[in-house]
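Me: Hey, I've got a protein model open and I'd like to walk through a few spots in it. Can you help me make sense of them?

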Amino acid sequence: MRYIIYGAGAVGGSIGSRLFEAGHDVVLIARGPHLEAIQRDGLRVRTSDREIVSRIPAAGSPSEIDWRGDETVLLTVKSQDTAAALDELLAAAGDVAVVCAQNGVANERHALRLLSRVHAMMVMLPATHLAPGEVVMNAAPVGGILDIGCYPTGTDSICEEVAGGLTEAGFDARADPNVMRLKYGKLLENLANAVQALCGLKGVAGELVRAVRAEGTAALTAAGVDFATESEMDQRRAESAMKLRPIEGQGRGGSTWQSLARRAGSVETDYLNGEIALLGALHGVHTPYNRLLQRLTAEAARQRRPPGSYTVDELMAQAGAAV
């Protein structure tokens, strides 16, 4: 199997580097200054105890790759970029096998409209990508938890091979026929990403986060969605040897925080808080907290504002007015 990592940021860069260093055939797809740095100098991956520069082949789009027919694509772009990525992928590679290694739960459904072999991956991988050509991995000795299954359910030989390859490369990966339960559980956790992005790294605990997640739980329950509970998610972490290993001088925010920190111009919250807002609207659940966070993070991204531009009290006041 040749791994095509479509999106070589924090998650994709970490996975691609580990697979490459374990001897697997890997090609990265990146863009802009990040692509230029990788092609010129290699991908630099830092951990708490070492630094590796991986000379991984890298391309700017699927059309630049010589597709052989033995590829599996790990889709690691942000959810707002999925549609464009899939269009490019389909044009260049045809009906290739895809693993949606992304936050949110909408990517798999979109992919299945276009491709016949779609897999879901629940990603717990603490990593940071802020500088071109560099990724920082913040967990050890296991780099992350990467459980995979077919979409919508089941497992197949691709799941088994990918899980085995990732485990060999230093991750905790399992083939799970009900992996979407974990992805919905992860969705509930990711609702706090917007709070961290808007209020800074210390704004991830307290009444606002509890309110956002309570809306999420209510919306999923009303929609009849089966999701892993908080205790189940904690148990999955406890079963793994993944431990946070902070790097001195390196602040670590979640994916939405990193998008604002890089002034990326867009964020994935339409597919996190926005997913809850959508389900709430469809099933009669009021979701003012998630609606507010969705709107404000999109506004902050468009305006290229840095993380931490609000206080928790300011957001609570605005949300309270809509309750």
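Me: Let's start with Gly42. Where does Gly42 lie?
Reply: Before anything else, keep in mind that this is a predicted model. Gly42 sits in the loop that runs between helix 2 (32-41) and strand 3 (43-46).

Me: Is Gly42 buried or exposed?
Reply: Gly42 is buried, since its relative accessible area is 4% and the cut-off for buried is under 20%.

Me: Ok, and what does Gly42 touch, not counting residues up to four places away in sequence?
Reply: With those set aside, Gly42 touches Ala37, Val53, Ser54, Arg55 and Gly133.

Me: I also clicked on His119. How many Å apart in space are Gly42 and His119?
Reply: Going from C-alpha to C-alpha, Gly42 and His119 are 29 Å apart. Along the sequence, 77 residues separate Gly42 from His119.

Me: New topic, Glu71. Which strand is Glu71 in?
Reply: Glu71 belongs to strand 6, which covers residues 71-75.

Me: Buried or exposed? I mean Glu71.
Reply: Glu71 is buried, with a relative accessible area of 5%.

Me: So what does the side chain of Glu71 make a polar contact with?
Reply: The side chain of Arg2 is a partner, at 2.6 Å from the side chain of Glu71. There's also a backbone atom to look at: the nitrogen of Gly69 is 2.9 Å from a polar atom of the Glu71 side chain.

Me: What else is Glu71 in contact with, leaving aside neighbours within four places in sequence?
Reply: Apart from those neighbours, Glu71 is in contact with Arg2, Ile4, Asp66, Val96 and Ala97. Arg2 is the residue whose side chain makes that 2.6 Å polar contact.

Me: Now the holes. How many cavities of 30 Å³ or more are there?
Reply: The count is two cavities of 30 Å³ or more. The largest cavity holds about 70 Å³ of space, and the second largest cavity has a volume of about 40 Å³.

Me: Which residues line the largest cavity?
Reply: Ser17, Arg18, Glu21, Val45, Thr47, Arg50, Ile52 and Met137 line the largest cavity. Helix 1 (residues 10-21) gives the largest share of that lining, three residues. By class, the lining splits into three nonpolar, two polar and three charged residues.

Me: And what about the second largest cavity, what lines that?
Reply: Its lining is made up of Gln102, Asn103, Gly104, Met121, Met122, Val123, Lys183, Lys186, Leu187 and Asn190. Strand 8 (118-124) and helix 6 are the elements that each give two or more residues to the lining of this second largest cavity. Helix 6 gives the largest share, four residues. Sorted by class, there are four nonpolar, four polar and two charged residues in the lining.

Me: I see Asn190 in that list. Where does Asn190 lie, and is Asn190 buried or exposed?
Reply: Asn190 lies in helix 6. Asn190 counts as buried, at 6% relative accessibility. If you skip the neighbours within four places in sequence, Asn190 is in contact with Asn103 and Leu272. Asn103 is in the lining of the second largest cavity too.

Me: Switching to pockets: how much space lies in the second largest pocket?
Reply: The second largest pocket has about 300 Å³ of space. Helix 6 (179-190), helix 8 (207-222) and helix 9 (230-238) are the elements that give two or more residues to its lining. Helix 8 gives the largest share, five residues.

Me: Which residues lie nearest the centre of the second largest pocket?
Reply: Of the 16 residues in the lining, Leu188, Glu189, Arg213, Thr217 and Glu230 lie nearest the centre. By class, the lining has six nonpolar, four polar and six charged residues.

Me: Are Cys150 and Cys199 buried or exposed?
Reply: Cys150 is buried at 13% relative accessibility, and Cys199 is buried as well, with a relative accessible area of 16%.

Definitions and conventions. Residues are numbered from 1 along each chain as its sequence is written. This is a predicted model: local features need pLDDT of at least 70, side-chain atom pairs count only at pLDDT 80 or more; totals for chains, interfaces and linings use all residues. Side-chain values use heavy atoms; hydrogens and water are left out. Buried means under 20% relative accessible area, exposed over 50%, partly exposed in between (1.4 Å probe, protein chains only). A polar contact is a pair of N or O atoms within 3.5 Å; within protein, one must be able to donate a hydrogen and the other to accept it, and residues adjacent in sequence count only if both atoms are side-chain atoms. Contact means heavy atoms within 4.5 Å. On a 1 Å grid over the protein atoms alone, a cavity is a set of points where a 1.4 Å probe fits but cannot get out, and a pocket is an open set with protein on both sides within 12 Å along at least five of seven lines; lining residues have an atom within 4 Å of a point. Grid points are joined across faces, edges and corners, and a volume is the space filled by probe spheres set on the points. Ala, Val, Leu, Ile, Met, Phe, Trp, Tyr, Cys and Pro count as nonpolar, Asp, Glu, Lys and Arg as charged, and the others, Gly among them, as polar.
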